[in-house]
Amino acid sequence: MKCILEKAFVNSHRSTELINITNQIRQIVQKSGVKSGILNIFTQHVTTALTINEDDPKLEEDIARFMMNAVPEDDSYAHHHFFRKDGRMAVNAYSHIRASLLGANLTIPLQGGEMVLGGRQNLYLVELDGPQLRGLAVQIIGE
Amino acid sequence: MKCILEKAFVNSHRSTELINITNQIRQIVQKSGVKSGILNIFTQHVTTALTINEDDPKLEEDIARFMMNAVPEDDSYAHHHFFRKDGRMAVNAYSHIRASLLGANLTIPLQGGEMVLGGRQNLYLVELDGPQLRGLAVQIIGE
Amino acid sequence: MKCILEKAFVNSHRSTELINITNQIRQIVQKSGVKSGILNIFTQHVTTALTINEDDPKLEEDIARFMMNAVPEDDSYAHHHFFRKDGRMAVNAYSHIRASLLGANLTIPLQGGEMVLGGRQNLYLVELDGPQLRGLAVQIIGE
């Protein structure tokens with residue numbers, strides 16, 4: 001059984017946006033040569049998340065806007081008063097909270113060398129504090 | 001190490017409901033003969049989710065109702081204005097957003113041929129745009 | 001390929017809090033001797049969750065407080081009227097709902113005998129109905 005770990009990079013262009021990474025991940029799966037196994041995609045950031053949804057730009061906007069409304073910028077966050085690591089004020093507690101709500105990994109079965117996605121399922125990196133260059137760990141275990 | 005992929009089907013009967021799939025998944029685990037390994041349950045739809053909670057019908061109602069209130073039907077969604085793939089109006093952006101909040105997969109350890117669930121843990125398919133027939137990919141890797 | 005399952009225990013001290021378990025999990029990973037593989041952490045309770053975020057006590061408070069506000073205690077929950085299993089009133093529907101929103105497992109790649117965490121990523125048990133002693137199943141599959 002093979003155990004492969006690849007890094008994938010994604011550039012975001014807005015502060016909050018869904019970026020379709022389905023093709024990028026599909027290419028890593030195909031390159032791996034693994035036919036049957038498990039895929040785990042893991043974002044290495046605390047202000048991004050991963051999710052699965054339908055490839056409709058309007059829906060991508062709706063999801064981003066929902067997260068912005070559900071966890072508003074202009075609330076009173078303790079994180080904003082003092083940021084221990086850097087000795088400066090942090091200003092993005094809402095980005096962190098949104099990330100925890102959506103989750104940091106997706107685990108997807110592989111069969112016949114492909115992800116077993118439903119017809120409408122696409123994979124998204126959710127940028128919550130962009131624009132930035134983001135890194136994903138893409139792990140494939142199988143045969 | 002074995003790598004097994006089974007399909008499970010679930011019929012929903014309401015637009016939004018939690019459906020207990022614990023026994024259905026347990027039977028697939030037992031049939032697999034895998035004693036020690038990992039189970040990944042993956043829904044293949046963009047308007048369903050998977051979650052773990054307690055087997056109380058009242059709580060199932062509470063979770064469904066919370067999702068309906070948290071992401072209301074009668075908001076102004078961009079997805080509703082034009083739906084690229086079908087050339088028609090979509091009407092269920094809220095179902096998609098609820099699905100992203102809850103997540104599309106559950107990953108559970110297996111030991112002694114059983115899921116290592118806590119005493120109150122049950123597995124649920126969360127229907128968010130029913131009633132429909134839904135399909136799950138149930139993957140088991142182990143020995 | 002090894003398949004190891006360890007149990008980890010965490011004591012919570014408040015009704016709702018984030019408890020940093022990064023070092024505790026790291027020690028289990030190191031003890032396993034697995035260099036390359038997959039880690040799945042699974043909470044065995046229906047009123048706890050697992051999440052990844054930054055190690056800042058103020059942010060831990062913000063996330064806990066957000067969950068308390070998003071799913072308020074003083075709503076009208078069906079679960080509170082009758083609790084089938086124990087023949088008594090349940091009072092913690094909000095704890096269960098918060099748990100479903102955050103999720104019960106984290107799946108993280110391992111490389112070089114370490115979790116491939118980003119520089120700011122820490123692992124948290126989210127206590128949602130404490131204080132209690134909580135148990136986690138920590139599974140490692142790899143070589």
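How many residues does the contact take from chain B and from chain C? It takes 33 residues from chain B and 31 residues from chain C, where contact means heavy atoms within 4.5 Å.

1. Basis of the note. This is a predicted model, in which local features need pLDDT of at least 70, side-chain atom pairs count only at pLDDT 80 or more, and totals for chains, interfaces and linings use all residues. Residues are numbered from 1 along each chain as its sequence is written, chains are lettered from A and ligands numbered from 1 in the order in which they are written, and side-chain values use heavy atoms, with hydrogens and water left out.

2. The interface of chain B and chain C. The size of an interface is often given as the accessible area lost when the parts come together. Between chain B and chain C the buried area (accessible area, 1.4 Å probe, that two parts lose on being put together, summed over both) is about 2800 Å², and carbon and sulfur atoms give 57% of that area. The elements that give two or more residues to the side of chain B that touches chain C are strand 3 (37-43), strand 4 (48-53), helix 2 (57-70), helix 3 (93-102) and strand 5 (105-111) of chain B; helices (H or I, at least four residues) and strands (E, at least two) are DSSP runs, numbered from the N terminus. Helix 2 of chain B gives the most to this side, with nine residues.

3. Salt bridges within chains. Over all chains the count comes to 15 salt bridges. In chain A, Arg134(A) pairs with Glu127(A), the closest N and O atoms being 2.8 Å apart; Arg134(A) is buried at 3% relative accessibility, and Glu127(A) is buried at 0%, given that buried means under 20% relative accessible area, exposed over 50%, and partly exposed in between (1.4 Å probe, protein chains only). In chain B, Glu6(B) forms a salt bridge with Lys31(B), with the closest N and O atoms 3.8 Å apart. Glu6(B) lies in strand 1 (residues 2-11) and Lys31(B) in helix 1 (residues 22-32) of chain B, so the pair ties together parts that are 25 residues apart in sequence. Glu6(B) is partly exposed at 28%, whereas Lys31(B) is exposed at 64%.

4. Relation of the copies. Chain A can be laid on chain B with an RMSD of 0.0 Å by a turn of 120 degrees and a shift of 0.0 Å along the axis, the superposition being by least squares on the C-alpha atoms of residues with pLDDT of at least 70 in both. The two copies are thus related as by a three-fold rotation axis. In chain A, the C-alpha nearest the axis is that of Leu101(A), 3.7 Å from it.

5. Helix 3 of chain A. In helix 3 (residues 93-102) of chain A, 10 of its 10 residues are buried, among them Tyr94(A), Arg98(A) and Leu101(A). Just after this helix, Gly103(A) takes a positive phi of about 100 degrees.

How values were computed. Salt bridge = Lys/Arg side-chain N within 4 Å of Asp/Glu carboxyl O.
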